[in-house]
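This report looks at a few parts of one protein model. Please have the structure open while reading.

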Amino acid sequence: MSKSLLHKYSSAVPRYTSYPTAPHFHTGVDCDKYTQWLQALGDDLSISLYLHIPYCDRLCWFCACHTKHTLKYEPITEYLQALHREIAAVGSLLASGAKVSAVHFGGGSPTMLRPDDLAALMAALRHSFTFAADVEISVEMDPNDLDEGRYDALSAAGMTRASLGVQDFDPKVQKTINRIQTFAQTKSVVDAVRARGVRSVNCDILYGLPYQTLATVERTVADIVSLSPDRIALFGYAHVPWMKKHQTMIPEEALPGIDMRYAQMVRAGELLVAAGYEAIGIDHFAKPTDSLAAASRNGTLRRNFQGYTDDAADALIGLGASSIGQLPLGFVQNITATGEYQRMALDGGLAVVRGIELSAEDRMRAVVIEEIMCRFGFDFGSLRDIDAGLAETVVAEARAFAATNRDGVCRIEDDRLVITDAGRPFARSVAAVFDSYLANGRGRHSLAV
Ligand SMILES: C[S@@+](CC[C@H](N)C(=O)[O-])C[C@H]1O[C@@H](n2cnc3c(N)ncnc32)[C@H](O)[C@@H]1O
Ligand code: SF4
């Protein structure tokens, strides 16, 4: 990789877990609009649910998630009352035939929930929605939280996928990011969930953390591989202290530079592929037997707010503070502040305060960007099938970009824009070429690599 290419394409761009991206949501979409959009959902629709639990009993300095530190449980009890109200309200607005194909508990740390509360939450979901027989239930787990009662409750809730945050096993890196978590502790969680029949285990690891070196990344990857997770997410540390105050605890002089970040990402990827994992999109790896790898091979990989997914649901419903929903007519987002969320949900059931209604052009560009992020290119013909006029605008942009792009990131091949192998790490930057909102307000994002 030439240094100039790396520096040219590593500027800050969105992660494209949606298009249009969340900074372009506006207050014109509110609870009334959300009510109409929910009621417009068809009867034979499949939906997936995302529940956000914005609490943690430790605060890791690197964390960019929407969460609050609490050592007391009362705030969680109060939050759950509002979440129950929202579940009932959304469920009552849906057509009765809509089926839930996937439920994802994210955060924060859903594993902070007490066993009884988790059971009550699942009962409420099953009461308000109709579940498909083969529903996938995934849970983000902080290995620090777990005990026998919680494992049993997660198993009784029907958890099919456990997603463990690991980040890095090096003690100095862990101390600097305020996240102490030994290999033995992590292994005990993997063993415990597998003993309870969980089919799929995912581990998150990071590169670009303070004091990380090629050697620490290599050791962490080797340790992770020894646990044999089905999926691995390899994220670049997003340093956004202007948004996340606690990241100012991270000594910036200890952060690897862009060249080292890139070297760490490439090395980790090489080791995972050598260990038998298939590379998925820009930052995931999966065993060939895993459904994400199958989706990547057969062209059905999708991208949503949780990253890469094989979930083919027609709509994603977000529940809880800050959660985002993706409906056929547009995106909605609940209010972020937990206190305000509770007031709104307890008062009227719903808590949407922002979103965006999709125009025909948004839909076309969303297809282009999802294709780039999932399949590293897009067919001009399939765009023309959606809308011939709009397709010509996008195709002209693709041809112009390919013509001026002399550094081998992409090329036009048989009526298709193709990102080359060398260009794949910069897929976010290529996607940004087709983002018509970016020019109107760049915002501040994390590094593309
Ligand atoms: C909600 S957290 C994980 C669940 C659980 N609370 C835990 O920490 O184990 C989801 C994942 O987001 C990723 N993440 C959080 N902050 C990040 C950041 N600043 N940059 C990149 N990835 C980040 C981490 O890999 C983390 O495991
Ligand atoms: S990484 Fe997980 S445990 Fe740490 S603060 Fe973020 S959400 Fe909480």
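## Helices on a sheet

Across which strands does helix 14 lie? Helix 14, residues 388-404, lies across strand 17, strand 18 and strand 19. Its direction is at about 120 degrees to strand 18. The model is predicted.

Helix 12, made of residues 360-375, also belongs in this picture: it lies across strand 17 and strand 19. Helix 12 runs at about 130 degrees to strand 17.

The three strands form an open sheet in the order 17-19-18, and their pairing is antiparallel. Strand 17 (377-379) and strand 18 (410-412) are the edge strands, as each pairs on one side only. On average, neighbouring strands of this sheet are turned by 15 degrees against each other, direction ignored.

Strand 19 covers residues 416-419 and pairs with strand 18 in the antiparallel sense over 3 bridges. Which residue of strand 19 is the bridge partner of Ile412? The partner is Leu417.

## Around ligand 2

Ligand 2 is surrounded by Cys56, Arg58, Leu59, Cys60, Phe62, Cys63, Gly108, Ser109, Asp142 and Arg179. Sorted by class, this shell has 5 nonpolar, 2 polar and 3 charged residues.

## Gln342

Gln342 is part of helix 11, which spans residues 338-348. Is Gln342 buried or exposed? Its relative accessible area is 13%. Buried means under 20%, so Gln342 counts as buried.

Leaving aside residues up to four places away in sequence, Gln342 touches Tyr55, Pro75, Glu78, Tyr79 and Ala82.

Note on methods
Residues numbered from 1 in each chain as written. Chains lettered and ligands numbered in written order. Predicted model: local features only at pLDDT ≥ 70, side-chain atom pairs only at ≥ 80, totals over all residues. Heavy atoms only, no water. Pairing = 2+ DSSP bridges. Helix = DSSP H or I, 4+ residues; strand = E, 2+ residues; numbered from the N terminus. Axes fitted to C-alpha atoms, helices over the stretch in contact; angles between N-to-C directions. Contact = heavy atoms within 4.5 Å. Near = heavy atom within 4 Å. Nonpolar A, V, L, I, M, F, W, Y, C, P; charged D, E, K, R; others polar. Buried < 20%, exposed > 50% of the residue type's maximum accessible area, 1.4 Å probe, protein only.
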